[in-house]
Amino acid sequence: MSGWDISDIPDQAGRTVIVTGANSGLGAVTARALAGAGARVIMACRNEVKARAVADEIGPNAQVRRLDLADLTSIHEFADSVDGADVLINNAGVMAVPFKRTADGFEMQIGTNHLGHFALTGLLLDKIRDRVVTLSSGMHAIGRIDLEDLNWERRSYQRWAAYGQSKLANLMFARELQRRLTAAGSTKVSVAAHPGYAATELQGHTESLYDALMSIGNRLFAQSAEMGALPTLFAATSEVEPGGFYGPTGLRGMRGYPGPSTSTAASKDEVMARRLWELSEQLTKVTYPFVRR
């Protein structure tokens with residue numbers, strides 16, 4: 001696996017991949033690489049203007065459909081528009097934004113990063129033939145799931161703690177989804193990935209001094225979005241461990257070529273993952289179509 005890059009992506013001809021947030025950053029790189037390998041890519045994006053500009057660059061293998069992960073109505077409409085796909089890549093996200101709420105009243109980071117993708121995956125799962133890839137982050141390590149106040153209604157809002165919670169939720173969701181797929185006798189795979197420290201537009205929307213600081217960090221320390229997308233591309237196209245977690249293998253997981261990644265003990269807490277799943281179903285009103293054997 002050492003040195004794996006886009007030239008190692010298996011032929012994707014005849015396959016369809018959905019990539020959320022494919023209008024910029026890691027998502028755009030992921031869409032380009034998959035389309036270049038022959039896949040039909042559905043770019044699920046809130047900003048359709050930016051997405052169409054990327055799709056025009058990619059060519060006929062890319063199509064744009066509107067998806068706002070901060071709005072359950074939009075998620076249902078998008079899911080209804082999809083006939084089927086081989087892979088769903090839950091890539092879109094927001095990071096360390098000021099306190100806001102989604103259209104459905106969720107705190108913006110947990111609402112977009114976790115609950116939006118939870119609902120989307122549940123609505124699409126019967127239509128996905130191969131696997132679901134969910135992006136987490138090394139920042140899951142600072143996260144703590146607060147089931148009593150998941151949406152920051154009682155706590156004093158802390159943007160980085162909220163981001164960490166959402167990324168921990170992403171990783172716990174990917175693993176719990178795999179456990180439920182396995183229990184149901186499904187051959188579908190759920191896997192998680194993270195980009196390490198990659199320079200993308202994600203770091204430019206905190207509306208604070210952090211934007212300038214992270215811009216400097218991007219120039220001095222971050223790897224490119226092209227390198228940051230490799231773990232996602234590996235997870236989406238290669239032989240993986242069901243329920244696995246993949247990221248850069250160098251500099252303490254911050255940069256380098258993709259491989260298995262370590263994670264915190266909290267991310268492996270199956271009891272918490274099950275309780276988070278149940279709460280997510282209650283909040284989104286999306287119940288997964290598992291048939292237990």
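# Reading a sheet, strand by strand

Tutor: An open sheet of 8 strands runs in the order β3-β2-β1-β4-β5-β6-β7-β8, and its pairing is mixed. Keep in mind that this is a predicted model.

Student: Which strands stand at the edges of the sheet?

Tutor: β3 (62–66) and β8 do. Each has a single partner strand, so one side of each is left without a neighbour in the sheet.

Student: By how many degrees are neighbouring strands turned against each other on average?

Tutor: By 25°, with direction ignored.

Student: How do I read the pairing? Take β1 and β4: how many bridges join them?

Tutor: Look at the sense of the pairing and the bridges. β1 and β4 run parallel and are joined by 3 bridges. Ile 18 has Leu 88 in β4 as its bridge partner.

Student: In which sense do β4 and β5 pair?

Tutor: In the parallel sense, over 5 bridges. Here Leu 88 stands opposite Val 132 in β5.

Student: How many residues of β4 are buried?

Tutor: 6 of its 6 residues are buried, and β4 is mostly covered.

Student: Over how many bridges do β5 and β6 pair?

Tutor: Over 5 bridges, in the parallel sense. Val 133 faces its opposite number, Val 191, in β6. Move on to β6 (residues 189–193) and β7 (residues 245–250): they pair in the parallel sense over 2 bridges. Ala 192 has Phe 245 of β7 as its bridge partner.

Student: Where does the mixed pairing come in? In which sense do β7 and β8 pair?

Tutor: β7 and β8 (residues 255–260) pair in the antiparallel sense, over 4 bridges. Gly 247 has Gly 259 of β8 as its bridge partner.

Student: Where do side chains point in a regular strand?

Tutor: They alternate between the two faces of the sheet. At 1% relative accessibility, Gly 259 counts as buried. Pro 260 is also found in β8. Pro 260 is exposed, with a relative accessible area of 60%.

Student: What separates these two residues from Leu 230 and Pro 231?

Tutor: Count along the chain, then across space. Gly 259 and Leu 230 are 29 residues apart in sequence, and their C-alpha atoms are 9.6 Å apart. Pro 260 and Pro 231 are also 29 residues apart along the chain, with C-alpha atoms separated by 9.1 Å.

Student: Let me try a residue in β1. Is Thr 16 buried or exposed?

Tutor: Thr 16 sits in strand β1 (residues 16–20). Its relative accessible area is 8%, so Thr 16 is buried.

Student: Which residues does Thr 16 contact, leaving aside its neighbours within four places in sequence?

Tutor: Arg 40, Ile 42, Gly 84, Ala 85, Asp 86, Val 87 and Arg 129. With Arg 40 there is a polar contact, side chain to side chain, at 3.4 Å.

Student: What about helices against the sheet? Which strands does helix α2 lie across?

Tutor: Helix α2 (residues 48–58) lies across β2 (40–45) and β3. The helix runs at about 170° to β3.

Student: How do I describe two packed helices?

Tutor: Give the angle between their axes and the distance between the axes. Take α5 (residues 159–183) and α9 (residues 270–284): their axes come within 9 Å and cross at roughly 95°. That makes α5 roughly perpendicular to α9.

Student: Which residues make the contact?

Tutor: From α5, they include Ala 169, Met 172, Phe 173 and Glu 176. From α9, they include Glu 270, Met 272, Ala 273 and Trp 277. By class, this contact of α5 with α9 has 8 nonpolar, no polar and 5 charged residues.

Student: Where are Ala 96 and Trp 152 found?

Tutor: Ala 96 is in the loop between β4 (85–90) and α4 (108–124). Trp 152 lies in the loop between β5 (128–135) and α5.

Student: Is each one buried or exposed?

Tutor: Ala 96 is buried, with a relative accessible area of 0%. Trp 152 is buried, at 5%.

How values were computed. Residues numbered from 1 in each chain as written. Predicted model: local features only at pLDDT ≥ 70, side-chain atom pairs only at ≥ 80, totals over all residues. Heavy atoms only, no water. Axes fitted to C-alpha atoms, helices over the stretch in contact; angles between N-to-C directions. Parallel < 35°, antiparallel > 145°, perpendicular 65-115°, else oblique. Contact = heavy atoms within 4.5 Å. Nonpolar A, V, L, I, M, F, W, Y, C, P; charged D, E, K, R; others polar. Pairing = 2+ DSSP bridges. Buried < 20%, exposed > 50% of the residue type's maximum accessible area, 1.4 Å probe, protein only. Polar contact = N/O pair within 3.5 Å; in protein donor to acceptor, adjacent residues only side chain to side chain.
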